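Q: Hey, I'm new to this one. Can you walk me through it?

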Amino acid sequence: MMKLLNTLLKKELVDAIRDKRSVMAVMYYAIGSPLLMCGIFFMLINKFSSPSDLNITIKKSQNAPDLVRYLESRGITHGTGEDLKAITLTISHDFAKDMNQGKPATVTLIADNSEQKLKSSINRVQRALQGYSSEMASLRLIARGINPAVVQPIKVVMEDQATKQSKGSFIFGVAILSIIYAVFICGMNHAIDTSAGERERNSLTLLLSHPLSTRQIVLSKVLAVTTLAMTGLLLTLLVSKAAYTIVPWQELGFTINVSFEFVVLGCLLALPIAIMASTLQLFVSFFAKSFKEAQTYISFTLFVPMMLSIATSYDLAPDTLQWLPVSGQQQALMDFIKGKAIDMAPLMASNLITLLLSIGLILGMEKALKSEKTIFGL
Amino acid sequence: MIEVKHLSKRIGDVQALDDLSFKALNGQITGLLGPNGAGKTTCLRTLFGLLQPDDGVAEIDGIDVRKDPIAAKQQLGLFPDPFGLYERLTPREYISYFAELSGLSKAQAKDATERAIQMLKLDDIADRRCKGFSQGQRMKTALAQAIVHQPTNVILDEPTRGLDVMSTRLLRSNLQQLKEQGHCVLFSSHVMQEVAALCDQVIVMAKGKVVAVGSPEKLCEMAGETSLEEAFIKLIGSDEGIAA
């Protein structure tokens with residue numbers, strides 16, 4: 001039994017390694033997805049953090065030199081050139097006169113509020129103007145012998161309880177999803193090639209004509225596809241480990257540290273998922289009539305784990321999802337990277353469900369390979 | 001020895017095998033001759049347990065295929081139609097892979113593969129990947145796979161299809177050699193010449209049934225014709241689906 005399984009597995013692996021498409025699938029994903037994630041992080045950083053100098057148009061600045069100096073000290077300057085934002089601040093003619101007389105002096109802020117990209121800049125200008133305004137108010141009260149604190153009945157003290165790591169929960173979810181997804185993508189091509197492809201090339205009947213049990217055939221194929229999937233996962237983790245170091249995390253306020261421990265834990269937790277992904281893909285492809293048809297069916301099956309995983313990233317129904325395949329393991333990995341303790345009961349249950357599903361699918365395939373319909377694709 | 005007794009099999013609306021019985025003996029070449037759609041391939045697939053008969057028994061060396069498929073298949077070598085090569089393996093890898101699957105140890109498989117390569121004169125292509133092989137090269141690789149583990153029984157499904165004269169001759173001489181070594185050779189064909197030239201026993205099939213059994217000469221005698229072709233047409237009652 002073991003000797004034959006060994007022979008079968010060896011041949012499956014040689015076949016897979018010599019198949020350019022299978023190898024390229026692993027490589028593209030393992031190198032591409034971490035780099036893509038890094039790209040997304042860089043974009044997020046650009047979006048979240050306002051540039052240090054905000055260049056806007058300030059009209060009639062000579063009317064309020066003191067305000068302009070104040071804005072300058074807050075990094076908001078009258079500028080020209082490329083990074084000039086479409087925000088215009090116009091100071092009224094009577095600014096100085098109104099100021100002197102203690103009347104509200106008018107400044108006009110002109111900007112498109114519906115423009116998402118400008119929002120943070122507009123807020124920043126508004127905050128700066130309010131800051132100037134309350135500073136002026138305090139000075140006026142002091143000049144009249146009144147403690148400025150009387151016009152501040154409530155003092156709000158904000159204590160941020162979020163640790164640096166828990167802030168980026170969603171981003172963690174997406175990053176871990178992209179890593180776990182490797183086990184679905186990297187083995188896929190070989191899963192199709194060795195089932196629907198094997199039948200299409202007429203070697204399936206020849207294989208079944210040899211003195212082997214269908215269990216040996218199915219197990220060898222599952223092991224081969226799982227090996228590819230896990231190789232892809234390990235590569236993805238290692239490339240992520242290297243690539244994530246170049247992301248300037250301090251600007252996002254949290255870090256995704258792909259530590260050695262995380263790589264080991266990731267491989268351990270993804271193993272049951274990889275086995276399930278392989279059996280599922282083989283199962284579906286054995287029932288497809290051709291390579292092309294198998295590709296179509298498999299893209300449907302990719303959808304389910306994707307949904308489970310995205311739901312976990314968005315923190316939807318975490319109490320249910322932590323017991324299920326894919327989302328359970330993802331939850332555990334997210335907890336680990338956030339520095340929280342992993343809840344073992346749901347993780348074990350989720351692993352068990354994952355493996356039971358795989359066993360069910362393996363038994364299904366064994367049966368299918370004894371049926372004329374599957375063998376000849378009727 | 002291969003023996004089928006009262007095999008019946010329905011596929012969809014077609015009665016592919018209809019109470020089929022025959023025997024193929026060791027040290028003989030037996031031809032399964034019939035027009036396209038006579039049930040030849042269905043019959044061979046039943047021998048390998050790929051199809052389950054509705055009724056009847058298929059035995060390899062006295063082992064019921066249905067009861068002990070693994071033991072039965074160990075006594076069989078298959079030359080399939082189509083060949084089912086793995087294009088990314090070399091013939092050497094391919095042949096030795098199937099030798100190991102047929103139960104040989106790694107070392108035995110290596111020796112047996114070398115022997116098969118020598119026998120079929122595959123040396124020049126033995127270590128090239130099968131992708132892009134000519135029909136003749138594919139045939140030789142497939143045949144080497146079928147005989148590498150020296151099974152008592154060798155089954156060939158339409159072996160000469162698409163082969164040129166040289167390859168056909170090589171195949172014939174190899175089948176003769178197997179016969180002399182005492183193997184039981186069973187092949188299906190719808191090509192007259194091939195059957196007339198090779199077979200000790202011809203089983204004429206039509207519509208899933210055995211129509212006549214005997215040596216080519218005996219069949220001619222039975223039909224009262226001088227050529228096997230004429231005899232064949234007379235026996236099956238039509239000239240549909242026959243290649244001369």
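Q: Let's start in chain B: where does Pro82(B) sit?
A: Pro82(B) is in the loop between β6 (76-79) and α3 of chain B. Helices (H or I, at least four residues) and strands (E, at least two) here are DSSP runs, numbered from the N terminus.

Q: And what kind of peptide bond joins Asp81(B) and Pro82(B)?
A: A cis one, with omega about -10°.

Q: Before I go on, what should I know about the model and the numbering?
A: It's a predicted model, where local features need pLDDT of at least 70, side-chain atom pairs count only at pLDDT 80 or more, and totals for chains, interfaces and linings use all residues. Residues are numbered from 1 along each chain as its sequence is written, chains are lettered from A and ligands numbered from 1 in the order in which they are written, and side-chain values use heavy atoms, with hydrogens and water left out.

Q: OK, so how many residues from each chain are in the contact between B and A?
A: Chain B gives 31 residues and chain A gives 27. Contact means heavy atoms within 4.5 Å.

Q: How much area do the two chains bury between them?
A: About 2800 Å², with 59% of it on carbon and sulfur atoms. Buried area is the accessible area (1.4 Å probe) that two parts lose on being put together, summed over both.

Q: Which three residues of chain B supply more of its buried area than any other three?
A: Leu50(B), Arg88(B) and Leu101(B), which supply 27% of what chain B buries against chain A.

Q: What does Arg88(B) meet in a salt bridge?
A: Asp193(A), side chain to side chain, at 2.5 Å from N to O. A salt bridge is a side-chain nitrogen of Lys or Arg within 4 Å of a carboxyl oxygen of Asp or Glu. Across the interface of chain B and chain A, that rule finds five.

Q: Which helix gives the largest share of chain B's side?
A: That's α3(B), with six residues. By class, the side of chain B that touches chain A has 15 nonpolar, eight polar and eight charged residues. Here Ala, Val, Leu, Ile, Met, Phe, Trp, Tyr, Cys and Pro count as nonpolar, Asp, Glu, Lys and Arg as charged, and the others, Gly among them, as polar.

Q: Switching to chain A: which stretches does UniProt call "transmembrane region"?
A: The unreviewed entry puts that annotation on residues 26-45, 170-192, 222-242, 262-284, 296-314 and 344-363 of chain A. UniProt positions are given in the numbering used here, feature names are shortened, and annotations may be inferred rather than shown by experiment.

Q: What does the chain look like over 26-45?
A: Residues 26-45 of chain A are 100% helix and 0% strand, with the end C-alpha atoms 29 Å apart. Residues 262-284 of chain A are also 100% helix and 0% strand, and there the end C-alpha atoms are 32 Å apart.

Q: How about Asn189(A), buried or exposed?
A: Buried, because its relative accessible area is 10%. Buried means under 20% relative accessible area, exposed over 50%, partly exposed in between (1.4 Å probe, protein chains only). Asn189(A) is in helix α9 (residues 188-194) of chain A. Leaving aside neighbours within four places in sequence, Asn189(A) is in contact with Asp19(A), Arg21(A), Ser22(A) and Phe291(A).

Q: And why does Pro104(A) count as exposed?
A: Because its relative accessibility is 73%. Pro104(A) lies in the loop between α4 (95-101) and β4 (107-110) of chain A.
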